[in-house]
Amino acid sequence: MSESSPTYTLVSSYRVFGGWLRKVKHASSTTSTDMTFSVFLPPAARLTEVPVLYYLSGLTCTDDNFCQKAASAFAAASKRGVAVVVPDTSPRGHESIEGEDDSYDFGTGAGFYVDATQQPWAKNYNMYSYVTSELPKFVNDAFPATSKTLKSITGHSMGGHGALTIALREGPEAYTSVSAFAPICNPTQVPWGKKAFEGYLGSVEAGAEHDATLLMKKANKMVFPTILIDQGAADNFLVGEVNQLTPAAFVDACKAAGQPLRYREHDGFDHSYFFISSYVEDHVNFHADALYDKLASAGKVAPAPPAPSAPATSVDIESIPEEFRATQGKQIECKAAVAWGPKKPLVTETITVDPPKAGEVRVKVVANALCHTDIYTLEGHDPEGLFPCVLGHEAGSIVESVGPGVTSVKPGDHVVPCYTPQCSRPECIFCISPKTNLCPTIRGTQGSGMMPDGTSRLSCKGKPLYHFMGCSTFSEYAVIAEISVAKINKAMPLEKASLFGCGVATGLGAAWNTVKVEAGQSVAVFGLGAVGLSVVQACKISGASMIIGVDLNPDKFKLAAKFGCTHFVNPADHDKPVQQVIAGELTKWGCDATFDCTGNVNVMRSALECAHRGWGQSCVIGVAAAGKEIATRPFQLVTGRRWCGTAFGGWKSRAQVPVLIERSLKGEIPVDDYVTHVFDGVDKTNDAVDALHSGNCLRAVVRY
């Protein structure tokens with residue numbers, strides 16, 4: 001615990017499914033006594049903030065019942081990156097409260113998740129406020145990795161009643177999702193509820209605000225996207241002498257209110273923890289999906305990965321756009337610009353594109369923007385370049401078909417292929433860390449020109465073709481891993497969307513994510529191609545006061561001024577190193593931030609050496625040729641300059657490319673000026689390559 005952490009006693013701590021299960025005792029002001037709870041922290045909590053699922057137990061239980069008898073919940077929570085908090089069911093051990101331990105359904109172990117108003121219970125039995133207010137704050141303070149804003153709730157029996165009523169009262173702003181096992185659905189109408197409400201609140205009528213069925217009738221509208229309830233069909237409290245649970249009343253109330261409800265009855269299951277342990281993983285996955293989807297909608301992470309037990313994808317043929325129906329599950333023959341070897345012109349060929357396998361997506365490429373990385377590989381400078389291959393990685397596409405298990409996109413969706421994947425799985429320390437976007441999940445196979453299973457989906461003249469950067473978009477159709485496609489707004493023209501697949505996104509992110517340029521700072525950008533100008537654009541949006549553009553082609557300066565450059569330097573105009581011109585003539589000590597967008601190792605050195613003494617940052621964006629090394633005098637770093645690099649601008653692709661697209665649609669990131677050349681047809685790809693070499697081309701877009 002840090003000095004600012006709340007005081008508590010750690011009762012026990014166990015290593016469980018890669019995470020930690022801790023039992024905690026703390027002094028509660030809400031219940032005026034010591035309270036205990038258990039908290040499971042998944043492995044992801046070591047690196048990033050994780051959402052929280054609260055589980056409320058039933059009559060007579062403590063937190064131990066769930067932790068010891070339904071531990072499979074922690075296996076699912078570990079995989080999905082969700083913390084689980086399990087409070088006790090009541091305060092305990094008050095000798096001054098007569099009759100506290102006289103019955104199983106009132107008093108100790110039966111707080112019913114209300115705030116008592118009647119004596120002698122009012123001082124201590126305030127479980128509603130404890131669960132909704134004091135406990136979450138304590139958990140957040142004691143365990144900072146738990147999210148303050150992302151939490152869901154579930155429970156069993158009395159705890160199911162508590163979960164439903166708390167969620168319905170507090171709303172989706174407080175709880176992202178809600179589920180229950182065998183909940184007491186209409187407590188004002190059953191003995192358990194009547195006894196609790198009369199004893200704690202003074203009357204059954206006072207319990208109306210703690211009755212899930214009545215709350216749903218009062219809301220009379222959809223409150224949550226869906227509610228999940230599991231019920232054992234052989235539950236003795238459902239089919240016994242007295243129906244204490246009355247789920248039918250809640251089902252009817254939800255139907256009348258238009259509230260989606262997944263109510264499942266399971267033959268042969270009773271009210272015990274055997275029932276809970278059989279379906280608790282479903283509930284954890286239900287909440288993990290909702291919690292991570294909420295994060296995704298905020299542009300912070302990719303949509304939640306599917307539950308490990310997710311079945312193969314089943315696509316309704318009627319939901320597939322008509323143009324794609326005939327090709328589902330079949331090979332497609334289409335045109336592609338094939339690179340048969342380095343330093344050879346691309347050849348327009350008819351290739352075969354196989355159907356997507358598990359976890360893969362086949363896309364129709366509508367527009368492809370050429371990037372210098374494609375040309376760099378074509379010219380033999382890439383040490384990982386493999387031939388024959390289909391190049392291309394900056395495209396706007398439409399999903400044609402999906403392989404088994406794909407859930408985040410469907411046929412007809414518009415997507416941007418991303419060479420930097422984002423698996424978003426909690427066990428991926430790179431995806432869950434806010435420090436990087438370098439997900440390595442498919443790095444090995446992608447680097448070897450293959451799909452994740454180690455085989456190719458592309459062939460020509462009977463020979464397999466290598467994939468390129470996991471994309472291969474110099475083709476009318478391509479197969480890409482699901483974790484490498486970012487679903488975007490269909491309002492964005494795909495020729496513009498393609499720019500966010502690499503160059504423009506990279507430059508923006510270098511300034512915003514890697515260096516974090518601030519208002520009033522000075523920057524120098526070396527190389528005023530598309531990437532360099534996107535750095536300039538980002539720095540202008542950030543409020544940089546001096547933006548120096550450096551390039552050997554003075555014809556670029558006019559457009560660079562439009563993007564935001566305030567000063568220009570052509571190194572050929574000076575008889576001294578350009579870094580001395582910038583740090584000495586244009587500035588006294590150098591620039592707060594500098595960027596190399598050329599891939600030239602000598603320019604990288606110049607960029608570093610004109611970074612500000614003491615705090616200047618220099619970011620390497622350009623990719624150097626095979627075997628090249630960077631150099632500088634160590635004193636440049638000793639005196640406070642920092643050298644860093646960026647890949648895809650640090651963007652977490654599936655989560656953040658859609659956000660960039662939305663900002664562009666709003667006019668915050670205009671991109672029209674980047675597209676200087678447009679060609680139609682795969683057979684014009686060599687013309688686009690020539691345009692990119694001409695010196696007056698930012699991006700050449702080929703439309704298919």
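Aspartate 115 is found in the loop between strand S5 (83-87) and helix H3 (127-142), where helices (H or I, at least four residues) and strands (E, at least two) are DSSP runs numbered from the N terminus. The model is a predicted one, in which local features need pLDDT of at least 70, side-chain atom pairs count only at pLDDT 80 or more, and totals for chains, interfaces and linings use all residues. Residues are numbered from 1 along each chain as its sequence is written, and side-chain values use heavy atoms, with hydrogens and water left out.

With a relative accessible area of 24%, aspartate 115 is partly exposed; buried means under 20% relative accessible area, exposed over 50%, and partly exposed in between (1.4 Å probe, protein chains only). Leaving aside neighbours within four places in sequence, aspartate 115 is in contact with Tyr125, Asn126, Met127, Tyr128, Ser129 and Leu201, contact meaning heavy atoms within 4.5 Å. Another, tyrosine 128, has the charged end of arginine 169 over its ring, 4.5 Å from the ring centre, a charge being over a ring if NZ of Lys or CZ of Arg is within 6 Å of the ring centre and within 35 degrees of the ring normal. Lysine 151 likewise places its charged end over the ring of tyrosine 175, 5.0 Å from the centre.

Is threonine 594 buried or exposed? Its relative accessibility is 0%, so threonine 594 counts as buried. This residue belongs to strand S23 (residues 593-596), and, not counting residues up to four places away in sequence, threonine 594 touches Ala524, Ala607, Leu608, Cys610, Ala611, Gln617, Ser618 and Cys619.

Helix H2 (residues 72-80) is largely enclosed by the rest of the structure, because eight of its nine residues are buried. Those buried residues are Ser72, Ala73, Phe74, Ala75, Ala76, Ala77, Ser78 and Arg80, and just after H2, glycine 81 takes a positive phi of about 75°.

We turn next to the aromatic rings. The structure holds 21 aromatic pairs; rings of Phe, Tyr and Trp (its six-membered ring) pair if their centres lie within 6.5 Å, and planes under 30 degrees apart count as stacked, over 60 as edge-to-face and the rest as tilted. In one of them, the rings of phenylalanine 66 and phenylalanine 74 have centres 5.9 Å apart and planes at 90°, so this pair is edge-to-face, and both phenylalanine 66 and phenylalanine 74 are buried. Tyrosine 419 and phenylalanine 648 also form an edge-to-face pair, at 5.6 Å centre to centre and 70° between the planes. Because tyrosine 419 lies in the loop between strand S15 (414-417) and helix H12 (429-432), and phenylalanine 648 in the loop between strand S25 (642-645) and helix H21 (653-665), the pair ties together parts that are 229 residues apart in sequence. Tyrosine 419 and phenylalanine 648 are both buried. Elsewhere, ring pairs link Tyr8, Phe37, Phe138 and Phe143 into a cluster.

For the chain as a whole, the secondary structure comes to 22 helices and 27 strands, and the C-alpha trace spans about 95 × 65 × 40 Å along its principal axes. Of the 704 residues, 57% are buried. Among contacts between residues at least 6 apart in sequence, 72% join residues at least 24 apart.
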